[in-house]
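Please look at the model below before reading on.

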There are 2 protein chains.
Amino acid sequence: MDTQTLAALAEPNRLRIVELLRAHPYTVNEIAARLGLRQPQASKHLRILSDSGIVDAVAVAQQRIYHLEPKPFAELGDWAGSFEAVWNARLGNLDSYLQTNKTSKE
Amino acid sequence: MDTQTLAALAEPNRLRIVELLRAHPYTVNEIAARLGLRQPQASKHLRILSDSGIVDAVAVAQQRIYHLEPKPFAELGDWAGSFEAVWNARLGNLDSYLQTNKTSKE
DNA sequence: ATTATATATTCCTTGACAAGCATATTCGCC
DNA sequence: GGCGAATATGCTTGTCAAGGAATATATAAT
């Protein structure tokens with residue numbers, strides 16, 4: 001997992017943008033209006049989301065219609081899902097860990 | 001999705017801690033040593049991971065053995081997975097969006 | 001009790017980042 | 001070509017978070 005994607009999503013207003021775009025694509029002004037942001041901040045947040053591949057834009061006239069990109073979400077889902085294996089592999093693993101390190105100090 | 005979890009994971013060293021703990025639980029000093037961190041920063045990062053529920057500790061003597069907690073990863077996975085529905089629902093949705101807003105200005 | 005070990009907390013400094021505001025850029029339209 | 005609408009960028013400022021070093025707390029051992 002890369003921290004860039006996580007950092008992009010970790011900012012509250014950006015996360016709100018993502019949740020908004022889940023409905024369907026929106027222009028910058030619409031996003032700004034709906035979320036109560038000023039246009040420049042909306043653009044800046046979209047820039048960051050765009051840089052991390054979470055979002056992309058289609059230009060129509062002088063408007064830019066932003067939409068979500070599947071890949072980052074798939075990667076995030078895969079990564080989070082990969083931890084399922086951890087819980088399975090570790091039933092009473094703490095005990096074995098304690099056992100192992102009780103004598104040896106490696 | 002809450003930004004606290006995302007922010008906790010967005011920090012590089014904390015993400016490294018998470019990846020390390022995937023193998024099995026570790027004490028603070030072990031984490032610090034393996035990742036080349038100083039003990040205080042390790043403790044601080046673990047505090048933040050702990051506050052967001054990503055990690056928890058079992059006290060054994062004066063050691064604290066940290067391990068991953070399933071819930072945040074499950075939530076993250078569910079959230080990321082919930083976007084699958086978006087791609088399905090939106091085949092050529094951009095077109096319909098353009099169509100809709102071509103005349104109406106709401 | 002004293003000392004040693006493991007971990008947590010505090011204070012300080014510094015760097016990153018978001019908001020606010022002004023301005024630049026891009027493109028359609030007349 | 002100039003004008004207006006939509007979007008992007010630059011600059012400044014305030015805030016917050018991370019690293020460093022010292023220190024506090026807890027627990028064990030002697």
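The contact takes 31 residues from chain B and 31 residues from chain A, where two residues count as in contact if their C-beta atoms, placed from the backbone, lie within 7 Å. On the side of chain B that touches chain A, H5(B) gives the most, with six residues. By class, that side has 22 nonpolar, six polar and three charged residues; Ala, Val, Leu, Ile, Met, Phe, Trp, Tyr, Cys and Pro count as nonpolar, Asp, Glu, Lys and Arg as charged, and the others, Gly among them, as polar.

This is a predicted model, in which local features need pLDDT of at least 70 and side-chain atom pairs count only at pLDDT 80 or more, while totals for chains, interfaces and linings use all residues. Residues are numbered from 1 along each chain as its sequence is written, and chains are lettered from A and ligands numbered from 1 in the order in which they are written.

A rotation of 180 degrees with 0.0 Å of shift along its axis superposes chain B on chain A, with an RMSD of 0.0 Å (least squares on the C-alpha atoms of residues with pLDDT of at least 70 in both copies). That is the relation of a two-fold axis. In chain B, the C-alpha of B:Gly77 is the nearest to the axis, 2.3 Å from it.

Within chain B, an open sheet of three strands has the order S1-S3-S2, with antiparallel pairing. Helices (H or I, at least four residues) and strands (E, at least two) are DSSP runs, numbered from the N terminus, and two strands pair if DSSP finds at least two bridges between them. Strands S1 (26–27) and S2 (55–60) of chain B stand at the edges, each with a single partner strand, so one side of each has no neighbour in the sheet.
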